Amino acid sequence: MEPGWLLWGAAVLLLLHVLMELSPAVNFAVRIGLYSVLCVVCSGLTAPVCLLVNGGRTVRNMRIIKNVVKTFKYFFGLRFEVKGLENFEVEGPAIIVSNHQSILDMMGLMEILPDDCVQVGKKELMYTGTVGLIIYLGGVIFINRKSTTSAKMVMAEVAKTMTADNVKVWVYPEGTRNCTGDLLPFKKGAFHLAVQAQVPVIPVVYSSFTTFYNPKKNLFTSGKIKVEVLPPIETKGLTSDDVSDLTDRCFHTMRETLFRLSGRP
């Protein structure tokens, strides 16, 4: 490469660095752009590895995907402080529920994802290019949120698969991203599933991202994320009549934990 091109490249990088320091909007756009590029490129590179190692769609591919995504935090200066991983060590299947804040949740998910655990995601994710391909290969269970009947049928199949294959299922009970520092009301699907299969619910709480990530304020800096895996909540003996109480109990426990981890009263 000619020295002239090297100088131009260095000048562009220097200018970009100065703009990022001076403008929060530029800093936010560059970081989100980098995150998007990492997701697309790493998905494209990891998919063939998953196919070669495991032959196709299987939850075992999540081990490969997890190791790749866990490197992302170094690009953005994010640190994770994790407690309670021993609470994942339950015998048999379980439902894991966690708060859902932003597109960065994937990094938090992969930081602590236990083996033999599949996620439930919206059907639209299937059509996101190489990202859709890699999460398909990882065994993610897709739900059409616009169709209540379809979602119920899928969840019924999930209950059968969960017990037959002895896997854990990760669900975001808020149903959508919520970067307010609080929780949205929980949908009951995950808790119906837990009661139907008579498996424990394991709550996972991530501290609020609002101190370092806020799209409305063009804020995206480095930061620390506290994560706590709470003790399992047993569902043996519970019936559909107990789902509302189970949902409320889990919501309030997770909300108190979220405020504590985030330093809120």
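A cavity here is a set of points, on a 1 Å grid over the protein atoms alone, where a 1.4 Å probe fits but cannot get out, and a lining residue has an atom within 4 Å of a point. This is a predicted model, where local features need pLDDT of at least 70 and side-chain atom pairs count only at pLDDT 80 or more, while totals for chains, interfaces and linings use all residues. Residues are numbered from 1 along each chain as its sequence is written, and side-chain values use heavy atoms, with hydrogens and water left out.

About 40 Å³ of space lies inside the second largest cavity, a volume being the space filled by probe spheres set on grid points that are joined across faces, edges and corners. The largest share of its lining, 3 residues, comes from α3. By class, the lining of the second largest cavity splits into 5 nonpolar, no polar and 4 charged residues; Ala, Val, Leu, Ile, Met, Phe, Trp, Tyr, Cys and Pro count as nonpolar, Asp, Glu, Lys and Arg as charged, and the others, Gly among them, as polar.

Now follow α3 to its neighbours. Helices are DSSP runs (H or I, at least four residues), numbered from the N terminus. Helix α3 (residues 61-69) and helix α5 (residues 105-112) pack at about 120 degrees, their axes 9 Å apart. Those axes are lines fitted to C-alpha atoms over the stretch in contact, and angles run from 0 to 180 degrees between N-to-C directions. α3 and α5 are therefore oblique to each other; angles under 35 degrees count as roughly parallel, over 145 as roughly antiparallel, 65 to 115 as roughly perpendicular and the rest as oblique. The crossing of α3 past α5 is left-handed, meaning the near helix is turned anticlockwise from the far one by less than a right angle, with clockwise giving a right-handed one. In contact terms (heavy atoms within 4.5 Å), M62, I65, K66 and V69 of α3 meet M106, M107 and M110 of α5. That contact holds 6 nonpolar, no polar and 1 charged residue.

α3 also meets α2. The axes of α2 and α3 come within 10 Å and cross at roughly 150 degrees, which makes α2 roughly antiparallel to α3. Here the crossing is right-handed. From α2, C42, T46, V49, C50, V53 and N54 meet N61, I64, I65 and V68 in α3, a contact with 7 nonpolar, 3 polar and no charged residues.

What else does α2 pack against? Helix α2 (residues 24-54) and helix α6 (residues 129-137) pack with axes 8 Å apart, at an angle of about 40 degrees. That makes α2 oblique to α6. α2 passes α6 in a left-handed crossing. On the α2 side the contact uses C39, V40, S43, G44, T46, A47, C50 and L51, and on the α6 side T130, V131, L133, I134 and L137. By class, this contact has 9 nonpolar, 4 polar and no charged residues.

How many cavities of 30 Å³ or more does the structure hold? There are 2. The largest cavity has about 40 Å³ of space and is lined by N99, H100, Q101, E174, N178, T180, G181, D182, L183 and L258. Its lining has 2 nonpolar, 6 polar and 2 charged residues.

Finally, there's a pocket, which is an open set of points with protein on both sides within 12 Å along at least five of seven lines. The second largest pocket has a volume of about 180 Å³. R57, T58, V59, D116, V118, G139, I141, T161, D165 and V167 line this pocket, giving 4 nonpolar, 3 polar and 3 charged residues.

Notes: Helices (H or I, at least four residues) and strands (E, at least two) are DSSP runs, numbered from the N terminus.
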